Amino acid sequence: MATWNSRGLRGSALEEFINQTCQQYREKKLALIQKVPTPITPVRIDKESRHITLAYFDKKSTVDYIGVVQGIPVCFDAKECRTDNFPLQNIHPHQVKFMGDFEKQEGIAFLILFFTHRDEIYYMTYKEMLRFWKRGQEGGPKHFKYTELNPAFFLKRNKNYLVPFLDGIALDLKLRET
């Protein structure tokens, strides 16, 4: 059983930005995306702050977000990276399987990667993630490098959306057609 402690707060800033973007997309009737809660069992709670300081994950989580974009089912996971090398150990086998099964049902699965040291956000297609994943499973590098990523999939933040992942989905769909 995996445990959770303060390290579990990693990615919370990115998730807040995504949550705000999802709310804006919902208000504009562009998408309906929800955060998938991770089921935990609290073990230790700080009595003063009433915060959980130690807990066990009840079961493996699949992805962070799931929903629909203009009739298209989508699911994605949000990850942060502080360097130019993203360790594949941050993507779990059950997530790869879930996302693959989701794609087989004609949904779109992807990752949102936030390179914190560069302040850049990347939309990684399932196909690209799977290529890196398989490479690592077959004895290749257990990470991928920033320089290996497709420049077209870096998301450009704007005044309206902090994480404009609909732009990534649009490009993903366009490339699937060709």
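In what order do the 6 strands of the open sheet stand, and what is their pairing? The order is β2-β5-β6-β8-β9-β11 and the pairing is mixed, where two strands pair if DSSP finds at least two bridges between them, and where strands (E, at least two residues) and helices (H or I, at least four residues) are DSSP runs numbered from the N terminus. The model is predicted, so that local features need pLDDT of at least 70 and side-chain atom pairs count only at pLDDT 80 or more, while totals for chains, interfaces and linings use all residues. Residues are numbered from 1 along each chain as its sequence is written, and side-chain values use heavy atoms, with hydrogens and water left out.

View 1. Strand β6 (residues 72-81) runs parallel to strand β8 (residues 108-115), and 8 bridges join them; Ala78 has Ile112 in β8 as its bridge partner.

**View 2. Helices α2 and α3.** The axes of helix α2 (residues 93-104) and α3 come within 11 Å and cross at roughly 140°, with axes taken as lines fitted to C-alpha atoms, for helices over the stretch in contact, and angles running from 0 to 180 degrees between N-to-C directions. Pro93, Val96, Met99, Gly100 and Glu103 in α2 meet Tyr126, Met129, Leu130 and Trp133 in α3, contact meaning heavy atoms within 4.5 Å.

**View 3. An aromatic pair.** Rings of Phe, Tyr and Trp (its six-membered ring) pair if their centres lie within 6.5 Å, and planes under 30 degrees apart count as stacked, over 60 as edge-to-face and the rest as tilted; by this rule there are 14 aromatic pairs. The ring centres of Tyr65 and Phe76 are 4.9 Å apart with planes at 15°, so this pair is stacked. Tyr65 lies in strand β5 and Phe76 in strand β6, so the pair ties together parts that are 11 residues apart in sequence.
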